Amino acid sequence: MQLPKALWALAGAALCCFLVLLLHAQFLKEGQLAAGTCEIVTLDRDSSQPRRTIARQTARCACRKGQIAGTTRARPACVDARIIKTKQWCDMLPCLEGEGCDLLINRSGWTCTQPGGRIKTTTVS
């Protein structure tokens with residue numbers, strides 16, 4: 001008698017898993033992002049000036065309540081909205097591991113200084 005009960009329980013669990021996957025696929029249709037994630041939409045680089053590269057990046061994010069699109073470890077990410085409102089850019093850890101972060105004087109962005117002295121400047125628009 002235990003075997004048929006176990007088979008019914010297993011069949012019920014499989015059906016539940018199938019329904020959950022079906023609902024998940026319905027809610028996350030193609031082109032939609034999962035909550036709390038970002039993706040890079042466009043990335044343009046201009047190296048026409050010697051010793052200087054200008055890069056412009058556009059990202060699309062699906063942030064949770066209280067979060068907004070930002071940058072963490074040089075990648076688009078959802079960060080605490082307070083960081084953006086107060087322009088405390090370095091609080092979102094925008095630089096790579098081992099780099100130092102400093103706010104620009106007018107708080108329009110930040111700089112990431114590598115150990116060798118190379119500086120990357122990011123401005124927010």
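Let me start with strand β2, which gives the most to the lining of the largest pocket, with 7 residues. Strands here, like helices, are DSSP runs numbered from the N terminus, with at least two residues (E) for a strand and at least four (H or I) for a helix. The pocket itself holds about 1500 Å³ of space. Of the 34 residues that line this pocket, the closest to its centre are Ala 55, Gln 57, Thr 121, Thr 122 and Thr 123.

A word on what I mean by a pocket. On a 1 Å grid over the protein atoms alone, a pocket is an open set of points with protein on both sides within 12 Å along at least five of seven lines, whereas a cavity is a set of points where a 1.4 Å probe fits but cannot get out; lining residues have an atom within 4 Å of a point. Grid points are joined across faces, edges and corners, and the volume is the space filled by probe spheres set on the points.

Before going on, please keep in mind that this is a predicted model: local features need pLDDT of at least 70, side-chain atom pairs count only at pLDDT 80 or more, and totals for chains, interfaces and linings use all residues. Residues are numbered from 1 along each chain as its sequence is written, and side-chain values use heavy atoms, with hydrogens and water left out.

Now the overall picture. The protein chain has 2 helices and 7 strands, and along the sequence they follow the pattern α-β-β-β-β-α-β-β-β. Of its 125 residues, 15% count as buried; buried means under 20% relative accessible area, exposed means over 50%, and partly exposed is in between, with a 1.4 Å probe and protein chains only. The chain exposes about 9700 Å², and carbon and sulfur atoms supply 59% of that. Those areas come from the Shrake-Rupley method with a 1.4 Å probe, and for residues only the protein chains shown count as cover.

So what sits inside? The largest nonpolar core has 8 residues: Val 79, Ile 83, Ile 84, Trp 89, Met 92, Cys 95, Trp 110 and Cys 112. Helix α2 (81-86) and strand β6 (109-113) each supply at least two residues of this core. By a nonpolar core I mean a set of buried Ala, Val, Leu, Ile, Met, Phe, Trp, Tyr and Cys residues joined through side-chain atoms within 4.5 Å.

Let's look at two of its isoleucines. Ile 83 is in helix α2 and is buried, with a relative accessible area of 6%. Leaving aside neighbours within four places in sequence, Ile 83 is in contact (heavy atoms within 4.5 Å) with Gln 88, Trp 89, Asp 91 and Met 92.

Over in strand β6 we find Thr 111, which counts as buried at 13% relative accessibility. Beyond residues up to four places away in sequence, Thr 111 touches several others, including Cys 95, Asp 102, Ile 119 and Lys 120.

That brings me to charges. Side chains of opposite charge can pair when their charged atoms come close. Here a salt bridge is a side-chain nitrogen of Lys or Arg within 4 Å of a carboxyl oxygen of Asp or Glu, and by this rule there are 5.

Which parts does the pair of Glu 97 and Arg 73 tie together? Their side chains meet at 3.6 Å, N to O. Glu 97 lies in the loop between α2 and β5 (100-103) and Arg 73 in the loop between β3 (67-72) and β4 (75-80), so the pair ties together parts 24 residues apart in sequence. Glu 97 is exposed at 69%, while Arg 73 is partly exposed at 33%.

Glu 99 and Lys 120 also form a salt bridge, at 3.1 Å, N to O. Glu 99 lies in the loop between α2 and β5 and Lys 120 in strand β7 (residues 119-123), so this pair ties together parts 21 residues apart in sequence. Buried or exposed for Glu 99? Buried, with a relative accessible area of 14%; Lys 120 is partly exposed at 27%.

Finally, Asp 80, Arg 82 and Asp 91 are linked in a network of salt bridges. Within it, the side chains of Asp 91 and Arg 82 meet at 3.9 Å, N to O.
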